[in-house]
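Here is a short walk through one structure. Keep the model open as you read.

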Amino acid sequence: MTDSQRFFYTSYLEKILVPFPDNRSNFVNFMILPLAMSILITNIKELIQVRDTNVTIVKGSDMKTLPVIKNAYLFIEHDTIVEYGSMDDYQDIDADEVIDATGKVVMPSWCDSHTHIVYAGNRVREFVDRINGLSYEEIANNGGGILNSAEKLQNTSEEELYQQSLKRLNEVIKLGTGTVEIKSGYGLTVDAELKMLRVIKRLKRESLAFIKPTLLGAHAVPKEYSNNKSAYVDLVVNELIPKATEEHLAEYIDVFCEKGYFDLDDTERILKAGVAHGLRPKIHVNQFNAFGGVALGVKYDALSVDHLEEMSKEDIEALKNSNTMPVALPSCSYFLSIPYTPARQMIDAGLPLALATDYNPGSTPSGNMNFVVSTACIKMKMTPEEAINAATINGAYAMGLSNMYGSICRGKKANLIITKEIPNYQFIPYAFGENLIDEVIINGIRLD
Ligand SMILES: N=CN[C@@H](CCC(=O)O)C(=O)O
Ligand SMILES: [Zn+2]
């Protein structure tokens, strides 16, 4: 057993072996079930993002409100939030474990709705090249960028890819992330894309984090197709999407809709094919250029449109009265020194906004949602309340999970962050770069 596997297996505090007859043989098999535990958290300085009704999205000026109970308690049974309230109203609850959270903030885990956590190796050389003056675009044009990661991934075994990715996933869980979307997109051949998606499926099965898989076959045009992009789009539409959906490997369809990658026509062909196979769009748009990708996403009822560093008035209008969540990726802007998504303009226009990491080897080699939330406050002028709403309930919405995750609500999953002793929740974005997390509870299980 590797260290990272041990991290998960030892996280199940207690387990019971349940015998059940195997109809196909005379043997009795055993199912391992985590023992139903109950956890009571008392004396919580601030219990934040408390929603008595099951709110699933927060928009516009409502994002300024972050409901808080001061001096609170919270009771979890098995993997579910069962009760909470003020310590003034607390009546004895018998729990298997009690956590005294004096001086600490308790909140729902981060919901990271945009990552590329499954990749091979790193692109640290390109990082140094950029410091020395090359642009992201120049590096990509010289065979670096996504194509560089694709070559590395194609030459990495599925097992090795799984181990590298699991390590990153474990790290982000320790940083307070409980739900994660993960994209393919560094395969760029049918086999390598399916390999990535199988790794995502195994992570979903073996990790405590709740994972949503996205097919991003159209992330870049592979070298072999550089003079025949439409043949690659044909491959994605006619082979990759059908195969991935036949194996139930993806829920969402993504395209990098950008100059030099996939234009509006390519994107529309791929979205149409994805939708026909039951995949909902969640797309990369407006990272460097705004040319109608947002409206196209809305037309296909995308669950989210992500990046949005460049936003036109038309883009903002297109998002109004839609079901599409705009998603900002401030760590990418930070790392590449490109503009930040104009959050103020968007929220002030009444839109919702989600925040995610974009964890990937090229534009954002970090999966730290705490840094994302700080950066959104510092650079995008989001208030702590807006940023926390964007990184919890709205992030959950952008993964189709906000009826189960993203807020403290009776009946929702017990995915929680317990901070160290801090003055108040605003301290979380304020103390940027500091790890303020004392403990993480995921699906009702305390991680060591
Ligand atoms: N922009 C497209 N895809 C990734 C970066 C890919 C890479 O550079 O490897 C992103 O979301 O930033
Ligand atoms: Zn991305």
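Start with the buried residues of helix 6: A192, E193, L194, K195, M196, L197, V199, I200 and L203. Buried means 20 or more other C-beta atoms within 10 Å of the residue's own, with C-beta atoms placed from the backbone. Helices (H or I, at least four residues) and strands (E, at least two) are DSSP runs, numbered from the N terminus. This is a predicted model: local features need pLDDT of at least 70, side-chain atom pairs count only at pLDDT 80 or more, and totals for chains, interfaces and linings use all residues. Residues are numbered from 1 along each chain as its sequence is written, while chains are lettered from A and ligands numbered from 1 in the order in which they are written.

What covers these buried residues of helix 6? The cover includes helix 4, helix 5, strand 9, strand 10 and helix 7.

Now turn to a recorded site. UniProt, in an unreviewed entry, places the feature "binding site" at H114, H116, H284 and D358; such annotations may be inferred rather than shown by experiment. They span 245 residues in sequence, yet no two of their C-alpha atoms are more than 12.1 Å apart, so they gather at one spot.

Take H114. It sits in the loop between strand 8 and helix 2. H114 is buried, with 30 other C-beta atoms within 10 Å. Beyond neighbours within four places in sequence, its contacts (C-beta atoms, placed from the backbone, within 7 Å) include E181, D306 and D358.

D358 lies in the loop between strand 15 and helix 13. D358 is also buried, with 29 C-beta neighbours inside 10 Å. Leaving out residues up to four places away in sequence, D358 touches H114, S331 and S363, among others.

Key: A residue is buried if 20 or more other C-beta atoms lie within 10 Å of its own, exposed if 12 or fewer, and partly exposed in between; C-beta atoms are placed from the backbone. Two residues are in contact if their C-beta atoms, placed from the backbone, lie within 7 Å.
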